[in-house]
Structures are given as C-alpha cells and as structure tokens.
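The exercises below ask you to read a structure element by element, with a worked solution after each task. Please keep the sequence and the coordinates open while you work through them.

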Amino acid sequence: MDLILVNLIDGLVTGLLLFMLSAGLTLIFSMMGVLNFAHASFYMLGAYFAFQISLYLGFWMGLLIAPLVVGVLGAGVERYGLRRVHQYGHVPELIFTFGLALLIEELVQFIWGKNQMPYATPEILQFTAFSIAGNSIPAYKIFMIFISVAIFIGLLYVLTRTRVGMIIQAALTYPKTVEALGHNVPLIFMGVFGVGTALAGVAGVIAGPVLGTFPGMAFVLGSIVFVTIVIGGLGSLWGALVASLLIGWITTFSKAYNLRMEDLLTWLGFTKPQPIWDSAWRDLWSITSPQIADILPYILMVLILIFRPYGLFGKRDA
Amino acid sequence: MTDQLTTDPTKPAQRMRAGSLTIPLIPWVLAAALVMILPFIFTANSAITIMNQMAITIIFALAYNMLLGQGGMLSFGHAVYAGVGGFACVHIMNMDDFFSQIPLPLLPVFGGLMGMGLATIVGAFSTRKAGTVFAMISLGVGELIAACSVIIVAFFGGEEGISGDRTYGMPFFGVEFLQQIEVYYLIAAWLMISAALMYLYSRTPLGRMANAVRDNPERAEFLGYSARWVRFFSFVASGFFAGVAGALFAINYEILTEENLNTTQSGLILLATFLGGVGFFFGPILGAIVFTLVQTVLSLQTELWAFYLGIVFVVTVMFFPGGLAGLLMMHVPAMRLGKLGRLGVPYVKTLGAGAIGCLGAAALIEMTFHLRHASAGDHSMTLYWITFESHTILPWIVAIAVTLVGFGIARRTAPALAEAWNDANTPDGAPR
Amino acid sequence: MTAALEMDGLKKSFGKTEIIRGVDLKIGKGERHAIIGPNGAGKSTLFNLITGRFPQTEGAIRLHGQDLAGKAPFQINRMGLSRSFQITNIFPKMSVFENVRCSLLWSMGYRYNFWSMVGRSRALTEGTDEILDQINLTARRDLPAGVLSYAEQRALEIGITIAGGANVIMLDEPTAGMSHSETDYIVDLIRTVTEGKTLIMVEHDMGVVFGLADQISVLVYGEIIATGTPEAVRANPKVQEAYLGEALEAH
Amino acid sequence: MRTTTMLGLTTALTLAASAFAAGADTVKIAFIDPLSGPFAGTGTNGLHQYEFAAEELVNKKGGVLDGDMFEIVAFDNKISPKESLIQLQVAIDQGIRYIAQGNSSGVANALTEAINKHNRRNPDDRVLFLNYSAVDPALTNDKCNFWHFRFDANADIKMDALTDSIVSNDEIEKVYIIGQDYSFGKAVAAAAVRYLGEKAPEIEIVGNELHPIGKVKDFTPYSRKIVASEADAVITGNWGADMVGLGKSVLENGFTGPIYTYYAAADGITAAFGDAGVGSLRLVAEGQLNPPPNDRASEYIKAFKAKYPDGNLSQARITNVIEMLAKAINEAGTADDVVPVAYALAGMEHESLWGGNLMMRESDHQLIQNVHIMEHTNDVVFDHDNSGFGVKVVKTVEMAAADSPTTCEMRRP
C-alpha cells in the first residue's frame, strides 16, 4: 500500500531526528558515564539561536552558526559545571543536568517569552518534492533526511577512520592510559561534550521550523531521547540509530493505523463487559493506538529494562 | 603506624557510645511543640493552608529521601506513589457507606497501603539494579502512570481529576474537619508520626543496611544481604509514606488531579529534597519548607520565581552538594569547639554584602525582564517596595552599582572569612 | 568427614579464554590454606567463583558438602563463607563502628528487620565493640571509614570479613601494598581472628604465606600443579620449575 | 539551625499574610490564572484585559456604589489545581470576594468545588466565582452551583453553532474529528457526533480520534490519515502548541478544506499560522472584533492596543464580566455580601460592548450570548499578535442555545 511507504518516510524523518539527539547523548554517556538531562535543552537552544540568527542573516547562516554557538555553550557547561560536579559522583551529576534543563527552559522564557516563535522553513525548500498517491512529501523532509544521514556518516567516519576518532575511542575506555600517552583527556572530554551538544543544536535548527519553536519543545522531546538511548543500549552508537528508527516507525505507524484495544482484547478471548459505559474497564476497552502512540516508547523501555537491562546493543556491564 | 592504633581507646568511644544507644529526644519534643504553637502565631487561613502544604511536602520529601539519600536510588517518578495513594483516598471519601464508618484521621493509612501496594509491584522489577537502570525505569513507569491518568478516566478522573468531601467521614471525637485549623492538626499529627517512623526506620537493621547498600552494594552482598531485597524494602517503605503524603493531600485539598502524578511533580520533589540536603535526616525537611515558601510566597512577588529557583538549584548542586543541611552541619565542628561566635562578624560582612549583591542582580534581572516583556506603555515597575520608571537610566545605574558594590565587598572580605573559618575549625593551641 | 570447601573439575572461561582450566581441591575444616601462583594464574578468578561473584562454566563447588552452583554471593555468605577483597572494599561513608555492625546483622538474626532499633541491642553493640577490639580499631570507632589509613582500612576489611561469624574465611591478598611493619601487624591479626576457622587466602608475600598457612596450593595457568604442606610444596620440583624458584630459595 | 529556619518561616508567612488590610474603597477581584510557566502568555494577556476593563469601564466612570473602585489582584496558579486552591485561600484571607479564573477546566472544576465547600463551611466570608473561559459543559450542568457564573459560551453551545455552520455548507460531506485526549477534547468530540447526528445524519464522520495532550512531537501521521480519509472538514478542540502543530501539519500535507477550531487565535497562534491559515482556519467564539461592531468597541480596542501594543484583545467576554459585575453590585447595593450580588447577576440582561444582548440564565448561571463563526484572514481592522492577520466574523448565531436544556439542580441560600 502506498500509505505504508509514506509512513515509512515520515517515520524515518522522526527517527533520524531522534537519532541526531541520541547520538550526541550516547557519546557523552559513554564518555562521562552520566545521562545528560539537559541534552534536549541544547536542542531547544539550537532552534532559538537559529531563529534569532535567521531574522538577520537568513536560515542557512542559522544552520551554520547556531550549532557552533550551542557547541561552545555545551563545552562551557562541561568545563565549568560538570567537571566540578563530577567529583561528587554520578547522582549529583545527573541532578546537575536535571537542574540545568530547568534553568535553560526558564532562561529561554526569560529571553524570548512564552509564545511560539514564527520560525519557518526557508522559502527555497517550500515545495513538494514528490507525491505518493496524493500524499505530498515536502522537500524540507528530504532535506532533513539528507542532513541527518550526512551527519551520521560523518560521525562514523571521524570516529572510526581518523586519528582524532581513535584517540576519542581510546579515551572513552581508558582515560588514564590515554592521558599517560600525552593527550589532554579533559580537553577531549570537553570537545566531545561540545560536539554532542552541537549535534543536538543541529537537530534543533532543522526541527524548529517543523515541530515548532517554543519553550516546551525540550520537555516534549527530553525524556524520549533518554528512552531511545536506553533502549538502544547506553553508549552504543548503532544502538542509538536502531532505537531511534524503531521509535520513529512505531510511533508513526501506531498513529497512522487505528488499532483498537477492543480488537486485541477480543482476540485474546476476553468478552466486552456490558454495558460498557458502566464498567470499571471501560477506558481500557476504548483505547486506540493513536491515543497511546507517544507513550509506547516508555512501555518498550520498561520492558527492555526488565528483560535486558543493558539495552538492545549495550554491553552487559555498561 | 602501630602507635596510631594503640591510642587510648576508652575516652572518645565512651562518649559516642552513649549517643548511639539512645535516640535524641529533645529535637523531637521541640519540633512537636513548634508544630502545636505555629497556628497561634500564623492565624490566617492562608498561612495554615501553606503550612499544611509544607507538612505534606515534608512527609513526601522524607519519603523520597528514604530512596535518594538513604538508599542511593534516584527516582524520576516518585510522584505516582503519592498520587495513587491520594486518588485511592478520594475514592474512599466517595464511598459513602464505607467512609462514614471510618474516622478521617485513619484515612492516610489506606493511602499509605495503596502507595505501598503500587511500590511493591513496581519495586519487584525496578529495584534489581540501582543507578541508571533504576532511574530510567522510574522515569518510564512515572510517565506511563501519568499518561494513564488522562486515559483511565474511571480511576483518575481525567484531566479534571476527582474530588470528594472529607467531612462525610465518621466524626472524630466530635470533630468534623470543616475548618482548616482542624485539618492542620490532623496533618501535623501525621507529620510527627511519619517523620518519627521514618527516622526510626533509618535506625533499624534494614535502614542501616540501606545505607550500606547505597555505599557499596557488592560488599553488602558478601555480608549476607541481598542488595536487591534491601532496595526493594526501602522502596516499599518509601512508597508507604509517599502514599500517606498523598492521602493528606487528598484530605487537605479534597481533590486529586493529573498534576499529582506527572513528572513535573516528581522532579519538584527531587529538587526540594536535594536543595535541603540528602545527607542528613532533617535535610528534606528544610528543603520542603524552603521550597514551599518559594513556590507559594515568592511566586506572589515575582513571576520569575522558577528562574531564581533554577539558579539556586544549579548553584547548590555545583557548590554545596550537601544542600542546606550540609551547609548547616559544616558548622558543627566549630560549634563543638565553642568557636562558632567567631564566625559571626565575618559572616555578616561577607554574606551580608553578598546578599545585597544578589538583590542587586535580581533587580537587574527583573528590570531587564520588565523592559523586554512588559507592555510598551507600561514603564513603571515596583521592586522592593519602590516604584520607579524602568526606561530611565537612573534605576539601572543604582542597580548595577548595588550589585557591583555588594559582590565587590563580598569578594574583598572573603579571605577574612576563610581565615575566620579555619580559625573556628582549629582547636585552640593546635599548630596551624 | 566432609571438607570445608571442595572444588571438582572447576572451569571458567571468559569468551574463548579459559582462565580456570579444571581445578580439583579439597580444603579440610580448620585448615589454613594459601593459594599462590604467578600473576594472571587465576587466583582472584577462583575466589570470585567460590564466592558467587561469577558463575562457573563447568564443574562444582561444595561448601560443607552443599553445592554452590547458581547461588548468589549473599546466599553463599549465609552458608558460612565470608571473604575480603584485594582492593579495599568497605563502606567509606559509614563509621568504622557501623561498618562492623552491618556485618554482624545477618548472623545475629536481624535479617530484614525493620521493627527494632539497632542502637538498642546491647548484644549487637557489644559484639561490634568486641570485633573492634580484636582488630584494634576501638580508637577509630566513630570516624568515617573512608578517612582511615590504608593499613587500618585493611584491618577493618578483615574485621568486616570475620564479624559475621563465618567458619570459612577467604582473604584476597590481605597484605597487598603494605610496609613490613604493617604486614607483621596484619599477619598477627589474621592469626588471632581466624583461630579455629577455615582460612583460605591468596597471597604474594611468601613470608606471610609460610608464616600463616599449613597447606599451600600452587595455581599456574588455571590449574593446581601442587598441593601440600609448605615444606612439601617448597620441595616440589614442578613448583620450583614453574614458579617459585628463587623466591623460595631466598626464604 | 532551628532558629534560622524559624526566622525564615516567620518572615515568609508574614509576607504571605501581609496584604491583609482590605482597602475600604476598593472592590477587589482576584485573578487566579497562570502567570508563569508555559501558559503564562495567555494568563498575562488575560490579566491585562481585566485591568484595562476595570479601569476603562468602571473606575473611569466613577466606580460602583458610592465611588468604590475595582481592583484586580493577580495570583499565579501555575495552571495547577493545587496552587489555585492555595491562592484562593490567600485571596479569601485578603478579604477578596470575587474570584476570576478561566484557563483550564480542570482548575475551574477544582475552584468551583472548593468555593462551594468554602461557602458552605464559612458563611461569613463567602465568595463568587466568575468563570470567564473554562468551557467544560459540566460546570453549568452536573457540577453547577449557586456561586459559579460562566461568561463564555460552553463547549456544547459552541459546537451547536459550529455544526450549524457545517450543515449550511453544502460542500461538506465528510468530517474528521480530532482532539486532545482529555475531558475537553472528549467533550468536543462527543458534542460534534451528537449534533451532526441530529442535524445532518447524511454527513459522514470519517474519523474520530484522540491524541495525547501536549506530547505529540510530529502530527504528520495524523495529517496523513486526515488527508487519506478525504474529509472535507476537520473539527478540533486543540489549543496551544497542539493547535499549531496539528493545523500546520494538516495544511502542509495538502488539506485544503475548512478546519473548525475553538482556540486557534491570538497567543502567538495567529502569527504562527500567518498566510497558511487563510481560507482554512475557522473559529467559533463570542465577541466580535472584525468587522468592528460599533464605534465604542473600536475605541476600546484602540485604547487597549495603545496601552498594550503587544497584547491581544482575545477574550472579549472579560468586558462583559466587569460590566455585569459592576451592574450587579450596584443593584445589590453591597459588594461585601455576595449573596445579593449573585441574585442580581442571575437572570441579568445586559447589552454587550461587542454588540448583541447578554443574558445570565438563572437556571444554571450560563451566559447566553451571540456566538460567531469567524475565519482567519488578513482582511481585518484589528489583527492578533500584530501579525496583520486576525479573525473576522462570517456567521452569527444570535443568543445561541438560549433554550438548551440543563441538568443543573441549583441550591440557593
């Protein structure tokens, strides 16, 4: 069916966007061993910065500059914040990033106010790339796919084919040894944190126009990003990719098709209580898949954590 | 080395031994007296409402700290246990026949049992691991139950929540709990009972082992304890007291809604607990008090309250990971040495100036905010009881000057404070 | 009479690497048994297998005749086996007293008790103080364990290990990283506190081994190549060839 | 340590109770709505409209009774029912007798219950609840009480008008209903199904679904379904970011028919839609801004925009609240005893600043008024969000649902 193809593309866009966030987050996690709760906040900052820049210099300069600014900010947070908290242990680190997320949200409201920003896609991309059975695929979506894939390939190349990548990979596993070899490990950490947040910034820049640029955008996406990397396996780049796409497609398809709990329950052999409106289970029977599409990732995560605590691609001891 | 080990073993040990056998009663008596007297000092209904809220938050924060501080488990979804306890209690309030058979003061027991029941189910799988896995499961379960609150309308009442009437319960010695003050004493009684029970819990073998598992789960396993079951029992106990807090919420507000369950609520209790300090039993109490005041009182003064709270929180995590309680307890050595007084003047000099600097900075923030977001014709603003024009240059100069001078003095006097601090923490006669 | 601890064809592999390649060993009750061997011989792995930290790949371990397969560390501990660690493994934020008290709780039958106050139990306090006395840490009783000196922490580690009253005590390099005087002190300590118990230890310091042990097993590349009294082991040519050589001559 | 805590507590609680002294010559109205957090924009804008209305419509005309002025006292409820109840208590302690609230039916529900209980338990300081925006039908039906007055048309009344408009449009044969998964979204969907079934059974409802509230990141899959269903019109009760997200996504994916909404104007939404919404977005609401109903209204809007250039006169009904309250206080001859004021309000008829008559129905305290269907266009005199776009009335239902049934059984003191 044509609609399946359309949904596959839509899900791919969602998934790849999620991947841009989770890639940075999982890099940071494998480096510092801490989940950065403020990661989605950097995504939001990316969107806001790009919006502000686009007012003066246009969308493309925003795409170029905003992630850099976000990356520098991120590196600053690592250098002056996290590094300090690191000595107290993991839980305070987690709590620090949690507080930072709150603070950034307040800061954004302080500067830009509470309303949605009129941040729009560039005019050059405002056309329909192609249509499948009457469903138009906007050019901007193709552009999003293109950017995400380019970033993934670039990341993979840097990590596995370059000297810098080797040093980073080594520093992730054996920081002490790498330090002894004369590399500046704190600098590497700061750099990785900066790059990770810059990636989130890129995601913000390209997602801002389609998903909306408003103070709640980090909160909406925030926890789903952790869910992604937990499902994928903490610290695994491939896991992040697979989990992102999985979540993208699961949510897209469950929204696109009205699967009803009633059918499932009947199939399982339950009989519908009558009259239904008077039953304590009425809400369970009336659930449809679009209703719960966005909480499915949480269900998936809890199940995975119960049966495979290290995620799909994670190492056992990670 | 060996002479270090053979110092006279009797003296300090004897002193401390007495301490570990008895439970200090004086603070508890004082606290109870304070709780009794407070409504006579703050008689307004709104003050009592705020104190009720405070007491509920204290119980919840203490319950939360059973996990975070004592068990080392970071939960991002603890609101659901309080929430579900509260929802259960409202449902009980609405069961006319049953509710008229039980006195209202017993209702929190049901809330607690409900919270405990849910914690038993969730804990059965979430406590197998601590750390990130536990945190993420708590987040996932929290999000799930919060999402259910708008889907499962039969129990959670949707976005409007469900409401009941506390006065339909069996009169308790003639008291029907029509007035806020009666509710206050009910909540206060539960506050004292819950706090005492939670304190005593931390002194039981299980409570001690919770600390051990927090510090070193592997070692605890080699002492015969299953780290998982220790965590599980802590989790269940915490669920009980969270449920009690939820029940008291139900009694005080007579309504439970989605906001009692959502992740924001879970995040706030983490904030309050950490702000107060997770390392000491009374930390969460301080945190809950300060936090409630900020939320209900500071928010009347400025709409930027959450911004300030965010700053304070981040600064706390960065510089005072022990929270307020940790800050206070830092003074214990100096107090033992009887040299606390020596810190007074330096404190006034540095912290006083620092506080003025903070007020100046806050003024700058408020003025910037007013400049950016107030309606265009609206140039006058009121700050610290002074009304002025935010678009003229003078207030800015004043605010900047106050900020700079305040922080400047604080910085200047900081070395003296550090000196005084060292002095106060060094026994007299000891080599410096 | 069943042995205190018995290993039967014990094997352990990590991935494709076989670390323990079939260990058969019987340790009798009341024996003081040292396991020695060159670095990488698998001594610590053997310890971890016995105490349930890792599951074995093949073979059986029996404690007082009971199979330990699939048992978690805490279950093994409850059967009367207790261990110390090569890297100091205590509760650093808790006081010395609490460290020891925690290790007494299970054996004194408190289990998951949440209705009685630990401070109220005279037996518990006295028991703890007695242990502290034995390990000479009474003066350090109320300090956080994390601030103790290294040797004191090692002493505490041993205290925690013996406190539960286990009759099989396993010590993993109890004197690692210590000066001579510290070592002497710890050896004396071990000798007194393990009186009447089965002691199994891994140790590099031959002075300690020969001072404490009445049986020695030599583990090389995951296999026991010799077991016997110190004298017998010392005289065993295989051992001399494989590992001891000069070290023993020098003694 | 305890002393410091005590000190802090003392100062703070004194602060909380400090504004005790109720002014002798003011009638205070507590405005309890979100002033911080995600909905602060809407709340603050509402507060400005209240302050402006009180100043312009009452105080400049000499106040009520013998010169008592209206004063709006703002309380931030962070859109939380719990905080609302605390602030309600603070307001009552300050001697305030009139409570205005509008954002979120959940909060309104909590408040109306709490006020009902409070008035029963404390007959000496009763308060009135002036609900200016919460549209859950239950508030004037099953959950009605004597102290609650609703000045907005409720969700059912609006849907009645909205479906009238749909039925009169011959091109609409298939309708898609989508909304947020909570009480209001469900109420909208249920009302749409009911009214369409009654009025035009031939119109096919090709989709009726709910999505999680505030959690959807990307509405594309929903839009695809809507487009694939070949619906001619969409009905949604969405608000805030969910409204913008859904609307933009539906339009982007090639939907060209009308989108009937409740809340697709002002608060940044008008600006966010901009040109894209022209020809599609329809809004059902009271209060006519375009074309300007009369000179007085035009003057009022101009004066408001002069004072709040960034503000929106988005809730026209607020002027009705202020004018009718003033009238009721004058009729009752007292502002302190709310019972006669409530009796004066119930059944009151009034001519709105925005044209048309108003009638506060006595049986359920629901204001009966003209309800308009408006469209999003740039052909306006007064725009929203300073975007050049605004809403223009295209159809009016006079005194909508004046004889609609109610299940309210009101107990009067």
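**Exercise 1: a parallel sheet and its helices**

Task: Describe the open sheet of 5 strands in chain D, giving the strand order and the sense of the pairing.

Solution. Step one is the order: in this predicted model, the 5 strands of the open sheet in chain D run β2-β1-β3-β4-β5, and their pairing is parallel. Step two is the edges, where β2 (69-76) and β5 (148-150) of chain D each pair on one side only. From one strand to the next, the twist averages 25°.

Task: Which strands does helix α3 (residues 81-93) of chain D touch, and how do the axes of α3(D) and α4(D) cross?

Solution. Begin with the sheet: α3(D) packs on it, touching β1 (26-33), β2 and β3 (98-101) of chain D, and its direction makes about 170° with that of β1(D). Turn next to helix α4 (residues 105-121) of chain D, whose axis comes within 9 Å of that of α3(D), the two crossing at roughly 40°. The angle is why α3(D) is classed as oblique to α4(D). The crossing is right-handed. Finally, list the residues that meet: P81(D), S84(D), L85(D) and L88(D) on the α3(D) side, and G106(D), V107(D), A110(D), L111(D) and A114(D) on the α4(D) side.

**Exercise 2: strands of chain C**

Task: Work out which strands pair with β1 (residues 5-14) of chain C, using β4(C) and β2(C).

Solution. With β4 (residues 58-63) of chain C, β1(C) pairs in the antiparallel sense over 5 bridges, and K11(C) stands opposite E58(C). With β2 (residues 17-27) of chain C, β1(C) is again antiparallel, here over 8 bridges, and E6(C) faces K26(C) across the pair. β1(C) and β2(C) form a hairpin with 2 residues between them, and G15(C) in the turn has a positive phi of about 60°.

Task: Explain why one side of β6(C) and of β10(C) has no neighbour in the sheet.

Solution. The open sheet has 6 strands in the order β6-β7-β8-β3-β9-β10 (chain C), with mixed pairing. Because β6 (81-83) and β10 (223-228) of chain C stand at its edges, each has a single partner strand, and one side of each is left without a neighbour in the sheet. Within the sheet, β3 (residues 32-36) and β9 (residues 215-220) of chain C pair in the parallel sense over 4 bridges, with I36(C) opposite V218(C). Helix α5 (residues 150-163) of chain C lies across β6 and β7 of chain C, at about 155° to β7(C).

**Exercise 3: a helix of chain B and the contact with chain C**

Task: Find what covers the buried residues of α10(B), and which element gives the most to the side of chain B that touches chain C.

Solution. Helix α10 (residues 180-202) of chain B has 23 residues and reaches 32 Å from first to last C-alpha, close to the 33 Å expected. Its buried residues include V183(B), I187(B), W190(B) and M198(B), and their cover includes α3 (26-41), α4 (45-71), α7 (107-126), α11 (205-215) and α13 (227-253) of chain B. Turning to the interface, 36 residues of chain B are in contact with 43 residues of chain C. On the side of chain B that touches chain C, α11(B) gives the most, with 8 residues.

How values were computed. Residues are numbered from 1 along each chain as its sequence is written. Chains are lettered from A and ligands numbered from 1 in the order in which they are written. This is a predicted model: local features need pLDDT of at least 70, side-chain atom pairs count only at pLDDT 80 or more; totals for chains, interfaces and linings use all residues. The expected span of a helix is 1.5 Å times one less than its number of residues. A residue is buried if 20 or more other C-beta atoms lie within 10 Å of its own, exposed if 12 or fewer, and partly exposed in between; C-beta atoms are placed from the backbone. Two residues are in contact if their C-beta atoms, placed from the backbone, lie within 7 Å. Two strands pair if DSSP finds at least two bridges between them. Axes are lines fitted to C-alpha atoms, for helices over the stretch in contact, and angles run from 0 to 180 degrees between N-to-C directions. Angles under 35 degrees count as roughly parallel, over 145 as roughly antiparallel, 65 to 115 as roughly perpendicular and the rest as oblique. A crossing is left-handed if the near helix is turned anticlockwise from the far one by less than a right angle, and right-handed if clockwise.
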